Each structure stands twice: as structure tokens, then as C-alpha cells.
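Hi there,

Here is the structure I promised to pass on to you. Have a look at it first, and my notes follow below.

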There are 2 protein chains.
Amino acid sequence: MTDQTSSTPVSHSQMANAVRALAMDAVEKARSGHPGLPMGAADIATVLFAEHLKYDVADPAWPDRDRFVLSAGHGSMLLYALLHLTGVKGVTIDELKNFRQLHSLTPGHPENFVTPGVETTTGPLGQGIATAVGMALAERMLAAEYGADLVDHHTFVLASDGDLMEGVSQESIALAGHLRLNRLIVLFDDNGISIDGPLSLADSTDQIKRVEASGWRGIRVDGHDPEAISQAIAEAKTSDRPVLIACKTTIGYGAPNRAGTSKAHGEPLGAEEMEGAKKALDWPHAPFEIPQEIKQAWEAAGRRGAQARADWQARIGKLESSARAEFERRLKGTVPAGLAGAVTALKDKLAAEPAKVATRKASEMALEAITPVMPELTLGSADLTPSNNTKTKAAVPVKPGDFAGRYIHYGIREHGMAAAMNGIALHGGLRPAGATFFVFTDYARPAIRIAALSGLPSVFIMTHDSIGLGEDGPTHQPVEHLSAFRGMPNISVFRPCDAIETAECWQLALERTDGPSILALTRQGLSQSRETGGADNLCAFGAYEIAPAKGEAQASLFASGSEVEIALQAKAVLDERGTPTRVVSVPSLDLFLAQPEEVRARIIGKAPVRAAVEAGVRFGWDAVIGEDGIFVGMASFGASAPYKDLYQHFGITPEKLADAVTARHNG
Amino acid sequence: MTDQTSSTPVSHSQMANAVRALAMDAVEKARSGHPGLPMGAADIATVLFAEHLKYDVADPAWPDRDRFVLSAGHGSMLLYALLHLTGVKGVTIDELKNFRQLHSLTPGHPENFVTPGVETTTGPLGQGIATAVGMALAERMLAAEYGADLVDHHTFVLASDGDLMEGVSQESIALAGHLRLNRLIVLFDDNGISIDGPLSLADSTDQIKRVEASGWRGIRVDGHDPEAISQAIAEAKTSDRPVLIACKTTIGYGAPNRAGTSKAHGEPLGAEEMEGAKKALDWPHAPFEIPQEIKQAWEAAGRRGAQARADWQARIGKLESSARAEFERRLKGTVPAGLAGAVTALKDKLAAEPAKVATRKASEMALEAITPVMPELTLGSADLTPSNNTKTKAAVPVKPGDFAGRYIHYGIREHGMAAAMNGIALHGGLRPAGATFFVFTDYARPAIRIAALSGLPSVFIMTHDSIGLGEDGPTHQPVEHLSAFRGMPNISVFRPCDAIETAECWQLALERTDGPSILALTRQGLSQSRETGGADNLCAFGAYEIAPAKGEAQASLFASGSEVEIALQAKAVLDERGTPTRVVSVPSLDLFLAQPEEVRARIIGKAPVRAAVEAGVRFGWDAVIGEDGIFVGMASFGASAPYKDLYQHFGITPEKLADAVTARHNG
């Protein structure tokens, strides 16, 4: 191996071996972890960080930095070694010694909300590369808006076989190739090994040919030849298309017995093998000890982008002050001042002129009101634009090589869409909202979970939210999806009942900046159940009394979304029968259950009979109606028929609800 | 267009136009549906059914038939028209007139559990092609076992752009190419149109090149040239690799204004456009009217395989009677007689010699006991074999072109695995059980949902089922997944607490033949909490009292899986404190909630304090413990640390549980 760092006497190999040694040491000390990838990919990472990455440890979150995404998140020690060696504040040698321990900055897989310098949370394979596509797209979109003076960087990914086997990566590769995201460079750690053994047990894909089929450029290099790697990256940076560089490597490079085998992947080497590896690598130093000159060479790499950052800051400084303030607001992700007013104005208009529309249509109305005051809002759909009602009148689609728009045709790639949205949110400067049918959140769930875990404020616009979609049938009808997301931490699930609640839920979703939201919206038209507008957001506690009882309530009816009008009709029947009944609209059950006990108790009320109606499963509702509460909803999958027939068939009607309440009240 | 059906005077075009006309008529009458695909792909389907498909309407479920999977399920009227025209019993013209209506045999998307002749449930894109890979794999595996005399057929798929954009299809294509499943032939309806508009809005993939990169053969033809289509299929049948035939078609072929546009895709044509289409197609007949000679030509096609079926039956008839009975048992999917005994023997052994093991290890022990009596059990893992403990000692892996094994290295393709398992289950003759980490069910969820909806008895072996997996951290730690599946209809979620319960849950999962099961299993070692063996399966009601109170119970503790031993330890503390406490093990909450009220009431008991402990979210537990019950579990995502530290950190300990019960008991 040759010396690639001409400014210091330290060789490439020494720098790379520092990464290998730290990875071995940390995994050994933790008695847990993955040494194979850091040892195999150390040469690639060293070339990237020492010669190419525009990066400055003085501000690892500098907006115009190059991004580096470790898609193969199990190789986290590679990343932690790089962050430590380059000198990112906080990532000390003690943190490396605490690898995989509670409260350390070095968790088992990279978590961007824990460790400075980590760009995104990875580990579930395929997520990193798919998220990086969103970052690279956001970079091009912002560059189109602000120019290369302010936005001009690359997104690098280190990906494994496993990343490329996962379907989501193929969705994302196809999208990136189609859009010609030429600032995206994927370094493929082509080590031919997976957990079960040689990759040949399960795969024989020609990855170069496959990405070329998706409009990428592919390059093959020896992943232990630093000159070849560096030259390939240099070429990739001039490409007009995204580039995958397949770097042939040996997993566990240096380990005398385990190198090139699956034994190197996911467990400590053990004292003897580690000793052999360090001897083979000519690394005579004690565990966690890095010779000063090697550390200094790495720290120099960590300042590669310092001048570029200073120049960028100088250019920012020359912006007109309001333009600068707006640019900085966008990068910070602060909600624009005009949002609340725009929503209130829409609500007041709706209170004056009620709209009897599907909530997907109401969502479009809200978006027409919001987009003019929120230029960062980046809408899109996984090829259901006319059904999701996501394309506002002014929305301009992004096209291959033309990134001036704010609308993304993601294609039939729900998972790739959600992951790209994560990348857009992480990049900063844009706020992603993407759409499909609610039932197809199943396809996107791993990326939605990353959004919830990482606290990314994406908005998932999920229309056709129940059997109310009708004829398409049970494959397209969610029944368990509300329940399945209400149980997920840190995601808000909204199911508004009419146009006013839809506007309020959009406001709540956008004002939330520490986690994602789902808007579950109807296909079918609904009455406007809410009569009042005003600045107060009644959905903010997750539930509120939308119709009080006439007298002391004998029954409380709880409902969300399209079933609120059913509850109101049942109330009319019950009132008629002399059972004073109140109706509580529950636009967000999870938000409601997170309220303090006294708030919940007040809203739940004291009526002796409690019932809930929702065109979904009961699971989770016992927390509101009690274990013996009445539930009118679904206990099976749906069916194919016009939606009114389905509501009758499954007994989700005002009559059934009223009769159940009456039976209980009398019984 | 030329006449391809030399045995009748009816032309290919007439036959294809019959399909087009029925599709137009049915969609028009339903005022809902997708005419574009049936009109565009009618030529392809006509060539396949009239000239190639080994198929006999006298028994559409004949085991050695060729399979035809309509992956583009929205084009369901293509399939229903074919089933009606060929003469499948039940699929009458009246059923076509009832397209998309309640209780019809013609739901919006194909449902194999509703309509005879439908091979699998499709609609969610990508599922059909991915399921077909499992069918094609099952065919090869059974052919390796039984020989070509008994098993020798093809699997055909009609797939759309949307199918190929979904990541799952790419996982499956890579798997099929790797294994060289040469009996799989995909007809790609290459119409260049998606819902948002021209496909060029979102995709520019070279599909032929992409499948070639995965080891397939690719062929391009004019999808309206029956001779070219037929020749391509004939070639494909002789291939040593799977084949994709890209058939260039015009969506909505024949419609004067909408053909070739997205307007043809998903809505009725309307009277005028339909009239124009029928004129252009030279189809002067009334709606739903098929001239007799055309119907007869189609019925002849429906008997193409009659002789082959008779020959096959003759060969079956020559089998030795016990071999025949076993073959037929396998095809029917009946559970083998030896299963219960094998499980009881294992339980008795464990009762005598308790095993302190992780339940993933217990699962391996169960599999070692079961596989000898259940030769159809087809195990596999998405590249986590050593962690999932799925490979029994005798298990032989399936290899490219060598299908004699019973173990499948699915690769890092959880979604492709679950869909392939659906195909294996649907094919018959094999019983699939596949594994990954429980958290990665998120990747496979759309296919698992199809299994639940279609009633397929797949077993999902999901290890590393909680924060108990430890150091890998929150990306790998399920907290909401138990909840997310318990809310899904028709899937059984098992979380056994020890080796004996694991054996019982395996038995329940395998004895269930009308739906899938999940086994959620620990990474970490557990005590053996159950002391008794015997033939009784105590897990069968989902919950049972595993430890009675000493005296009248003041507290009931409910727990599943790894938390049962925590509950038992808390009971010891509480007993010590003078609070007689019982413990209920809940290996399947969903099964328990499905019991009759009196069973539930008896098991829940009458102790004044109820508490549940589970290393997952509370969501759903209120149904057992009441809305004010005590819950000790997770209210957030997990963290990276050794698992014992995590249980302490998140307060899931006997002490916390006992203290909460004591506080309530005294309070």
C-alpha cells in the first residue's frame, strides 16, 4: 500500500490500521459487535475522509458539508473510529471504550440523535442508502433554489451486500438513477460474505450491471488499493449520474484466520486472533492507543473542509438580512410564522361555508392554504397523486436533472419514498410530506419507524383509510393500521373527522418538529361535523367533546374520522330515546392517551355507558372505553363492495351503535 | 392479427376481444375498476391460455397444473374474464355482472380464498411476482423429491411496471435468478403508463438489463403480436433460467381516446368511449354477450390440460397406497399424525430435565423433534441462520439448480422471504417456516398481511424479540411489534416463556392450517418456568395460570415470554410481603382475547389488583388488566446496552413490579 497523505509522514496504511485497531479493541472490550466491516472497509473510508470528504470537525453539522452515510450500520465502529480520530467533539477514546454500553455516544448501530457527526440512524439494512437518496435529492433541490454558492455538496454512502439485497435499496437506486442525482456516490463494500456464509449461498447478482440498468454509472476497484479508490471517487465526482463504486474487499482484513469468512462479521475476534491481526497489520500499539502522529494525520483530515466552510460562511454573511434569516430558518426547520394564521383563516372560512368533502380533499384544501406560507413543504406521492390529492395547483414536479420543483413523483416505491423523506428531513432546508394509501404504510414501515426513532418531522399523508375505500377490497382496506401505528413510540397518528379537523391536524403535524405524523384520510365524502373555527386547535389534546349531552350524560360515544358523523347520528337516536348522550371526537388516540390523567378523565367523562366506533379493530380502545366498553368496528379484514354496503355489512352504523348503547343502558 | 387457434375458426383477436369486452362491461356496470390492463394485456393472456397453459377447468386446483399469477391484481377483470370464458365452475356471467359487489366471486382484486381458479391474492403491487417465486421454488423442490412424473409444471406471472418498481419484486427476482428457477416465466405488461401519468415521470429503468443482472433471461416482444408472444413463451419454457418477457403493450388497447394514457387505468371508460372501443375492436355484441363460437373456443382452451391431468392421475393411481396417501396428505396440508406425540415427548423430557435456554434455542430443540415426523417442513432464514437457530442438524440447503434440500438461504430479503413462503404454502406439498429478527417483520409486513388475509399457514420464526437482544440497540429492538401484530386479524402471535411453552406454541402454530403464526423468541437465556409436560397443550387458550396464589389472590400478574420469570419473581416478593399473588402466563394475547367471555373471566380472575409485565408497549393490554391496571413495560424505543442493564434502565424488574402492586394494594 502506498502513502496517499503527502502532507504528513503518516502512511495510508497506518491511518487505516488505526481504524481497524480501534474497531477490534472496542468490539473486544464490549464483548459484542462487528469487527469485520470496519477492518474490511478501513481503506475505503480512509481514502474518503483523508482525500475527498468536505468536512470540518469544528462543526460536524455545517449545512454545506458532504454527507457520509454508513448504510451498513452494523459496522458502527468504523464510523465511531473515524469520528474519534478526526476529532469530533465528544467522541472521546472513553466513548469508544464504552462501545455498546448504556448512555454512551457509541451505541451498537449509529444513531444520529445520539452521536455528533452521525448523519442518520442505520442498522436495518437498506435504510442508509435509501435515506441518502433523499439527502442527495434535497441537496439538488436546494441548489436549484439557492445556487451553488450556498448549496454544493456530495452524499457518500458505504453500503454492504445486505443493503443491496434489500428491496428498498433497489427502489431508491431506481429513483436516484431516474432523477440523475449525480451528487450521490455509493461505495459498495463488496466482500462476498454474509452471516450465513459466503454470499454465493443466497445471491449471484451482478451489482454493477444492475445499477447501470437503473441509469447509474458503475466502477469496479480493488477495495484495498487506495490509489484506485481515490481515482474512482474523483471520477465519480465528475459524473452526470449517480455512481456505484464496487470495492472488492476482504471482510476482517488482517485477521489471520477469520479474514474473508463470516466468522469475522459479527462477534469479537478473541484475544489470540486479534493479536495475530495486529501483528499482520504491523500495529504494535496497546489497545485504544493511537500514536500521536497518526492521530494528527487524522485530525488534519478532519479539517479538510475548514476553508470551504469559512468561505461558505463568508458568502452567507453577504446575504441580505431577511434572506439570510429565512435561509437559516429553513435550515433549522423552524415552522414559518404564517402557518397558524393560514390554518385559522381556512377554518374560519369553513365554519362560515361548511364543506362536505372527503378528508383527502380537505387535506388538499389545507395544502392550498399552507403551501404559500411554507415554501419548504415538499410534497409527493408514490404514484397515487390524483387519489391522494397531494398536488396543489402551484406544485411543480421535480424532473430528471431539473430540481426547481416542490413535488416528487416517487413512483410505486412506498418504502423508497419514506426513506427518501427521512433523508430530506435530515438534510435540512425542506420539509417532506409524502402520500400513498394508508394500507401501504405496511410497505414503508421500516423507514417510518426510523423517522419515529430519530425524531424526523415527516408527514405521511395516508388516504383511503378504512373499508370506506369500498370496491378495491380487503387488500386495500386498512383495519389494523391505526392500531399498528398508535402502538409505535413517537409518531402521531391523526384521523380527522372533517375539513376543519383536517386543517387542525395538518397544523399539529407541521408544528411538530421532533417526530413524524400520519394523517389518515378518507376516500369517501363526509359531513362537516365541526361548526367552529377560530385560532384554538381543538385537536391538540387528541380528543375533545364535539357534541355535549342534553342534560347529564348517560352515554359517551368516542369516534375518530369518518365515524364521528356516525356517532353524532347515534347520539340523535339516543337523545330521541331519552338517553342523554355526548360525543367525543378522537382525532388522535395516541396523543390523547399521552395526556395527563386528569385531562383524560375529564374528556372521558363519567357517563355510565361508554362506546367507541371506528372502522378499524378494537385493539387499544379499551384504554378509553374500559375493558367492558362497547366497540362498534371491525373484527376481520374487509371486503370488496361499494362502501355504504360495507358499513351496513360490518354493522358500523348509527343504529347498531345506538342499539348497543340502549341494550347496555337498560341491561 | 393472425389466427392462432387452428383447431377452431375463431381468431385470436376475437378471443382477445371477448376478454376486453367483458372487462369494459363489468367495470362499466360496477362503475368502478380498472379496464386498462385487461384491454392492454388481453393478447398476452389469450396466447398464454389458448396455447401454453397446462390447465383444466374440470379441476382448477389440480396439483400439477401450471400456475398463472396476475401480479397486477388491479387488472382482476382480465382474470375473471379468463375464468368465465374457459368455463371455471361458479364464475358465471352473473358473477361478472356483480363485479366488485358484496358476496360476489369477483372482488375488486383477486382473492384466492373467494374465487375458484385464482391462485393467489394480489393487488398490493409486487406481491404476485414474489409469491410466484415461492410457487416456482416449491415446484422444483417437490419435483426433486417426487420426480417429473408427479411434479412438472410452470409458473406464469403477468406483472406490471408497478410490480417491478416495488422493492419486493427485486428481492424475489434476485432470489429466483440465483436459484435458477427456470420454470418461472414473467410476462411483463410493458405499457409505459402509471397512475400519475407516463411512466417517464418516475422511472427510466431498463427492466431487461436489470433482470439479466440477476441471472434471468430477458426477451422483448410486441405485446399485441400473438405469434411473437407465443414464440417467446415457447423459448422461455426451454430456458435454464427464469425468463422475463417484456411485452410492449398499449394500456386500454382499442379505446379511441384513452388508449395509451393513464385515464385508461383505473376508472370506467364511460358509454361513449366504450362504444368507440367496441367499434374499433369490431365487437358488435351487446354488453356481457359472448357469441357461442367464441365461448366454445375459450372452453376448448380451458381443457388444454385435460389429457395431461388424466395421465397424471393414472400415474398417481399406480403409486403404492401408503406412498399415495402420504403424497396426498402433503398436498392437502394435513398435519402429520406424529406431530403431537413428538411434541409431548419433548415436553416430558423437558419436565424431567429442565432446560435453561433462550426460546430461540428452545425452538431449535422443538424443530429437531418435529422435523423427523414432518418432512414437508421447509425452514429458512433471511441470512440470520446462526442467530435464528433454524437450521436443524439434518437440514440440507437448497442450492442453485439443486432442489433436494429443505432449508432455504433466502438472503437479506425479509419481504421476499415472506412472499416466497406464501407461494410455497399456496403451492401445496410443503409447509414454510422462515426466520429473521422480530423487528424486521416490518420489512415483511405486506406479505405477512397477505398470509393472514388469505389464511396461509406460514410460520414466522422471529427471534430477538425485545430489548432483551441488548447491545444491537433500538433499531433492532422491537417494542411495538407484538402490539402491531396482535391487532392484525387472523394471525396468531405466540411468545412462549420457556422451552416447554415453545414446544407447545410450535405445535399450535403447525396445527393451525387456516392462517399464519408468529413465534416471538428471545435471544437471552431464560429459566424454565413450566414444570409440567404431558399431552395437554396449556397454551391453547392463549393464557393460563402458571402459578396459583397461596390463599385468596390479592393480585394477578400477567406476563408473556421472557417476562414470565420476572412475574414469578415478583410473586415471590409479594407472597413474602403477605400479598397472595397468582401469575398468568399469556403466550398468546390475541388467542386469549378471542376466547369466550367466561373463559377470559375465569383466567383473568377476581384479584383486586391486576398488573401486566411485558418488554413491549402497553397498547392492547388494557383489555386484560383494565384501563387502570398496572403495566410494567416499554413506553419508548429501547437503547444499546447489555440486556440486563436495559431491563434495569427501563424498570422492567421484579422489584418495580412488586412495588407497584404493593403501592396499589395499600393505596
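How many Å apart do the C-alpha centres of domain 1 of chain A and domain 3 of chain A lie? They lie 52 Å apart. The domain assignment of chain A places domain 1 at 12-308, domain 2 at 337-520 and domain 3 at 542-666, with bounds that come from an automatic or database domain assignment.

Some ground rules before the details. This is a predicted model, in which local features need pLDDT of at least 70 and side-chain atom pairs count only at pLDDT 80 or more, while totals for chains, interfaces and linings use all residues. Residues are numbered from 1 along each chain as its sequence is written, chains are lettered from A and ligands numbered from 1 in the order in which they are written, and side-chain values use heavy atoms, with hydrogens and water left out.

Let me start with an annotated site. An unreviewed UniProt entry lists A:D161, A:N191 and A:I193 under "binding site"; such annotations may be inferred rather than shown by experiment, and UniProt positions are given here in the numbering used for the model, with feature names shortened. These residues span 33 residues in sequence, yet no two of their C-alpha atoms are more than 8.0 Å apart, so they gather at one spot.

A:D161 is in helix α6 (residues 161-165) of chain A (helices are DSSP runs of H or I, at least four residues, and strands are runs of E, at least two, numbered from the N terminus). A:D161 is buried at 4% relative accessibility, where buried means under 20% relative accessible area, exposed over 50% and partly exposed in between, with a 1.4 Å probe and protein chains only. Not counting residues up to four places away in sequence, A:D161 touches residues including A:N191, A:I193 and A:L199; contact means heavy atoms within 4.5 Å. A:N191 sits in the loop between β3 (184-190) and β4 (193-194) of chain A and is buried too, at 12%.

Over in chain B, have a look at helix α23 (residues 597-604), whose buried residues are B:V599, B:I603 and B:I604. Seen down the axis of α23(B), they fall within an arc of 125°, so they line one face of the helix; the arc is that of the directions from the helix axis to the C-beta atoms. The face turned away from that buried side carries the exposed residues B:E597, B:E598 and B:R602.

Finally, B:D383 has a positive phi of about 65° although it is not a glycine, and B:D383 is buried at 5%.

Best wishes
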